[in-house]
Amino acid sequence: MEASAPSKGIFDSANLEAREHVVELLRKAYWMEIETVMSYISASVNLDGVRALEVKESLREDVEEELGHARRFAERIKELYGVVPGSDDFAAEQSYLQPPEEQTDIVHVIRGVIKAETGAIEHYTRVIEETEGVDPVTQDMVIEILHDEQGHRRLFEGFLREYEVEGIA
Ligand SMILES: [Fe+2]
Ligand SMILES: [Fe+2]
C-alpha cells in the first residue's frame with residue numbers, strides 16, 4: 001500500500017475549493033470592518049452634545065479595534081493565497097449608519113452600531129461554523145474577533161438601555 005503524503009490541511013491541493021471559499025468569507029469580513037471604520041469615524045466626530053461624549057469616546061476606541069480586525073482579515077486572506085481587494089470592489093451596506101438629520105440624535109447612532117455589530121456577529125459565527133474541521137487557524141482568529149464584537153454590541157446595548165429607561169429611545 002502506498003503511503004499517503006502528510007496532510008497540509010487547508011493548504012492541500014485537494015482543499016483548493018475550500019480554501020477559496022474561506023477567502024471569500026474573509027473578503028466579506030474585511031469589507032464589513034472597513035465600512036465600520038468609516039461609519040464609526042464619522043459618528044465619533046459628528047455627534048453633538050454633553051451626552052454624546054461617552055459614545056464618541058467609545059467609538060473612537062472601536063475605530064482602532066475594527067481597523068485591527070480589518071488588518072487581521074487582510075493578512076489571513078494573503079496567507080491563504082488570496083488577494084486583498086482594492087477599493088473598486090467596495091459596496092456600502094450600512095445604510096442605517098449614515099449621519100442622522102440632527103447630530104444630537106445619539107439613539108440613531110447607538111441603534112446603528114448595534115446593527116453593525118450584530119451583522120458582524122452573524123457573519124463571523126457563520127465563518128466559525130464553516131471553517132470547523134476545515135481551517136482551524138482562521139477559525140481561531142475569527143473566534144477572537146467575534147469575542148470583540150460581542151463586547152462592542154453589549155456595551156452599546158447598555159447605552160441604549162439607559163435611553164430606553166428614560167423614555168428617550
Ligand atoms: Fe470588528
Ligand atoms: Fe465591533
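Visitor: Is E66 buried or exposed?
Guide: This is a predicted model, in which local features need pLDDT of at least 70, side-chain atom pairs count only at pLDDT 80 or more, and totals for chains, interfaces and linings use all residues. Residues are numbered from 1 along each chain as its sequence is written, chains are lettered from A and ligands numbered from 1 in the order in which they are written, and side-chain values use heavy atoms, with hydrogens and water left out. Buried means under 20% relative accessible area, exposed over 50%, and partly exposed in between, with a 1.4 Å probe and protein chains only. E66 has a relative accessibility of 1%, so E66 counts as buried.

Visitor: Which residues coordinate the iron ion (ligand 2)?
Guide: Donors are N, O and S atoms within 2.8 Å of the metal (3.2 Å for Na, K and Ca), and water is not among the atoms, so sites may look incomplete. The donor residues of this ion follow the sequence spacing E-x50-E-x31-E-x2-H. At 2.0 to 2.3 Å, the iron ion (ligand 2) is coordinated by E66 (OE), E117 (OE), E117 (OE), E149 (OE) and H152 (ND1).

Visitor: How many residues apart are E66 and E117?
Guide: Helices (H or I, at least four residues) and strands (E, at least two) are DSSP runs, numbered from the N terminus. E117 is buried, with a relative accessible area of 1%. As donors to the iron ion (ligand 2), E66 in helix α2 and E117 in helix α3 link distant parts of the chain, and their separation is 51 residues.

Visitor: How far apart are the iron ion (ligand 1) and the iron ion (ligand 2)?
Guide: E66 coordinates both ions. The distance between the two ions that E66 bridges is 3.9 Å.

Visitor: How many salt bridges does a search of the whole structure find?
Guide: Side chains of opposite charge can pair when their charged atoms come close. A salt bridge is a side-chain nitrogen of Lys or Arg within 4 Å of a carboxyl oxygen of Asp or Glu. One network of such bridges links E24, R27 and D89. The search of the whole structure gives a count of 13.

Visitor: What is the N to O distance in the salt bridge of R126 and E130?
Guide: Both residues lie in helix α3 (residues 106-131), 4 residues apart, about one turn of the helix. R126 counts as partly exposed at 36% relative accessibility, and E130 as partly exposed at 31%. Their side chains meet with an N to O distance of 2.9 Å.

Visitor: And what is the N to O distance in the salt bridge of R154 and E157?
Guide: R154 and E157 are 3 residues apart in helix α4 (residues 136-165), so about one helical turn separates them. R154 counts as exposed at 53% relative accessibility, whereas E157 counts as partly exposed at 26%. The N to O distance of this salt bridge is 3.9 Å.

Visitor: Which residue meets K8 in a salt bridge?
Guide: K8 is exposed, with a relative accessible area of 55%. The bridge has an N to O distance of 3.7 Å, and the partner of K8 is D12.

Visitor: At what angle do the axes of α3 and α4 cross?
Guide: Axes are lines fitted to C-alpha atoms, for helices over the stretch in contact, and angles run from 0 to 180 degrees between N-to-C directions. The axes of α3 and α4 come within 8 Å, and their crossing angle is roughly 155°.

Visitor: What orientation does α3 have to α4?
Guide: Angles under 35 degrees count as roughly parallel, over 145 as roughly antiparallel, 65 to 115 as roughly perpendicular and the rest as oblique. With axes crossing at roughly 155°, α3 is therefore, relative to α4, roughly antiparallel.
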